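Biologist: I am new to this structure. Please show it to me, and then I will ask about its parts.

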Amino acid sequence: LGAEINVGTRSIEHFDAVKDKFSLRAEPFIADLTNESAVGKAVRLEKTFDYLPTDIVLSAAAGMEPFMRSLMSGLAKIRRAPEGEKHGMLEELRGEARGWVDDAMPFAQSVNYQGNVDLLLALKDSLPDDPQREMRVIFYSSLPSTFVEVEEPPTSYRGIATTKGGFEKWMET
């Protein structure tokens with residue numbers, strides 16, 4: 001439909017694989033969201049080549065990788081266990097999983113929350129400043145982001161459609 005797409009990822013190899021798989025006309029945005037200076041550098045590079053977005057769809061997912069293999073292995077053992085042992089094994093695995101989640105939480109929050117905020121703050125001055133043009137910001141995040149213990153999800157987890165001025169106000173909250 002003529003969209004200009006920037007695909008963000010941590011490596012040029014992953015960008016190339018996504019671009020080829022979906023036959024995209026796209027530009028790369030290579031940055032690790034857990035590294036604020038890398039995000040700033042990537043935004044400056046985007047400005048240099050005039051690849052800056054007018055609408056943003058941000059999808060971040062990380063945090064479960066360190067324990068996923070152990071979790072799946074534990075679940076497979078429970079599935080194969082005799083019926084009378086499954087409940088106890090499941091409770092034991094739940095206890096282990098709580099520790100795994102606690103250990104992985106700082107990294108998961110840096111990718112699924114803080115990285116998103118840093119990227120948007122780096123981009124906000126470059127977004128179109130046309131009060132008549134509405135822009136969209138949409139977020140997708142992975143399971144670890146649901147473990148954030150707050151009454152409401154952070155503002156950056158909600159999609160918006162607004163002007164640049166509205167976006168800047170939204171970022172302040």
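Biologist: How many aromatic pairs does the structure hold?

Modeller: This is a predicted model, where local features need pLDDT of at least 70, side-chain atom pairs count only at pLDDT 80 or more, and totals for chains, interfaces and linings use all residues. Residues are numbered from 1 along each chain as its sequence is written, and side-chain values use heavy atoms, leaving out hydrogens and water. Rings of Phe, Tyr and Trp (its six-membered ring) pair if their centres lie within 6.5 Å. The number of aromatic pairs here is 1.

Biologist: Which residues form the aromatic pair, and how far apart are they in sequence?

Modeller: Phenylalanine 67 and tryptophan 100 are stacked (planes under 30 degrees apart; over 60 is edge-to-face, the rest tilted). Their centres are 6.0 Å apart, with 20° between the planes. Phenylalanine 67 lies in helix H3 and tryptophan 100 in helix H4, so the pair ties together parts whose separation in sequence is 33 residues.

Biologist: How do helix H3 and helix H4 run, roughly parallel or roughly antiparallel?

Modeller: H3 spans residues 65-80 and H4 residues 83-123. They pack at about 175°, with axes 10 Å apart. Angles over 145 degrees count as roughly antiparallel, under 35 as roughly parallel, 65 to 115 as roughly perpendicular and the rest as oblique. So H3 against H4 is roughly antiparallel.

Biologist: Which residue in E2 is the bridge partner of threonine 9?

Modeller: Strand E1 (residues 5-9) runs parallel to strand E2 (residues 26-30), joined by 5 bridges. Strands pair if DSSP finds at least two bridges between them. In E2, the partner of threonine 9 is isoleucine 30.

Note on methods
Helix = DSSP H or I, 4+ residues; strand = E, 2+ residues; numbered from the N terminus. Axes fitted to C-alpha atoms, helices over the stretch in contact; angles between N-to-C directions.
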